[in-house]
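The sequence and the model are shown first, and notes grouped by topic follow.

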Amino acid sequence: MKLLNFNSISFLKSFSYVKDIDINFGSEIALIGYSNTGKSTLINVLFNKKKISRVSKFPGSTQLINFFQINNSFRIIDLPGYGYSKFSKQFKLKWIKEIKKYLLYRKCLIGVIILVDINFFFKKIDLKMLHIIKKKKIKIIILLNKSDKINNFLKKEKYILAKKKILSLNIKADIQVFSSLKKIGISKLKNKINNLYINSL
Ligand code: GDP
């Protein structure tokens, strides 16, 4: 069985618009989430690199579709965080449109990791994204991030709450209590990404 080497990640290319994406082979997993939920931190921790994805000075500062390559045929795509209020409405709408386009039409996409703050889920926009991904019938992994901020009892409560909400929406998703900071759930997540990769071969 071929395993992914998470340490071999490298930055490939960035795009401002989905229509400009000129990489159309192999498969990829996208990472999405509301701004400030910890996407950059997750990428750095997952791939064991200090600054492969810059942890933003202010939330949502990375506004590009960033392509990272793990090997020739497998990529991780970091989409801009949605919803941060500091940006103009027009700017936010542009990005929501691009993220939707990417999720709906990207043929290489085999899975989506959606990051939410365990204390503030689900935002309306998260649910909108989930409904779009649901239509594609691809793997959905929901990470309840920043779980280091709450005790074990609350972690369980939040997990059950998330599970119920997702079930009520008739969405099939894998839900995981997570913390990039304390590395809770990292190896589980790596196994899931690895399985997706193997199934895509
Ligand atoms: P992004 O905007 O989604 O890329 O979020 P960042 O990765 O820049 O993180 C936003 C803030 O949340 C930073 O101050 C991080 O240090 C913090 N953060 C990220 N992950 C965690 C986590 O698992 N636990 C805690 N407590 N803070 C985190």
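Lys-146 lies in the loop between β6 and α4 (152-168), where helices (H or I, at least four residues) and strands (E, at least two) are DSSP runs numbered from the N terminus. Although Lys-146 is not a glycine, its phi is positive, at about 65°. The model is predicted: local features need pLDDT of at least 70, side-chain atom pairs count only at pLDDT 80 or more, and totals for chains, interfaces and linings use all residues. Residues are numbered from 1 along each chain as its sequence is written, and side-chain values use heavy atoms, with hydrogens and water left out.

**Other backbone features**

- Asn-170 is another residue other than glycine with a positive phi, near 60°.
- Asn-170 is placed in the loop between α4 and β7 (174-177).
- With a relative accessibility of 62%, Asn-170 counts as exposed; the term exposed means over 50% relative accessible area, buried means under 20%, and partly exposed lies in between (1.4 Å probe, protein chains only).
- Helix α1 is followed by Asn-48, which has a positive phi near 60°.
- Phe-121 and Phe-122 are joined by a cis peptide bond, with omega at about -20°.
- Phe-122 belongs to the loop between β5 and α3 (124-136).

- Asn-145 is part of strand β6 (residues 139-145).
- Asn-145 is buried, because its relative accessibility is 3%.
- Beyond its neighbours within four places in sequence, Asn-145 is in contact with residues including Thr-37, Gly-38, Asp-117, Phe-178 and Ser-180; contact means heavy atoms within 4.5 Å.
- The backbone nitrogen of Ser-180 is reached by the side chain of Asn-145 at 3.2 Å. A polar contact is a pair of N or O atoms within 3.5 Å; within protein, one must be able to donate a hydrogen and the other to accept it, and residues adjacent in sequence count only if both atoms are side-chain atoms.
- Between Asn-145 and Asn-170 there are 25 residues of separation in sequence and 22 Å in space, C-alpha to C-alpha.
- Asn-194 sits in helix α5 (residues 186-200) and is buried, with a relative accessible area of 8%.
- Apart from residues up to four places away in sequence, Asn-194 touches Lys-2, Leu-3 and Leu-4.

**The ligand and its shell**

- The ligand is surrounded by 16 residues, of which Asn-36, Lys-39, Ser-40, Thr-41 and Asp-148 are the closest; a residue is near a molecule if one of its heavy atoms lies within 4 Å of it.
- By class, the shell holds two nonpolar, 10 polar and four charged residues. Ala, Val, Leu, Ile, Met, Phe, Trp, Tyr, Cys and Pro count as nonpolar, Asp, Glu, Lys and Arg as charged, and the others, Gly among them, as polar.
- Helix α1 (residues 39-46) contributes the most to this shell, with three residues.
- An N or O atom in the side chain of Thr-41 is 2.5 Å from an oxygen atom of the ligand.
- A backbone N or O atom of Asn-36 lies 2.9 Å from a ligand oxygen atom, and for an N or O atom in the side chain of Ser-179 the distance to an oxygen atom of the ligand is 3.3 Å.
- The ligand taken alone exposes 580 Å², of which the protein buries 81%; accessible areas come from the Shrake-Rupley method with a 1.4 Å probe, and for residues only the protein chains shown count as cover.

**Helix α1**

- Seven of the eight residues of α1 are buried, so the helix is largely enclosed by the rest of the structure.
- Among these buried residues are Lys-39, Ser-40, Leu-42 and Leu-46.
- Their cover includes β2 (27-33), β3 (65-71), β4 (74-78), β5 (109-117), β6 and α5.

**The chain as a whole**

- The chain has five helices and seven strands, and from the N terminus on its elements run β-β-α-β-β-α-β-α-β-α-β-α.
- The radius of gyration is 16 Å, close to the 17 Å that the globule rule gives for 201 residues, so the chain is as compact as a globular protein of that length. The radius is taken over C-alpha atoms, and the rule is 2.2 Å times the number of residues to the power 0.38.
- Of the 201 residues in the chain, 51% are buried.
- Among contacts in the chain with a separation of 6 or more, 75% come from residues 24 or more positions apart.
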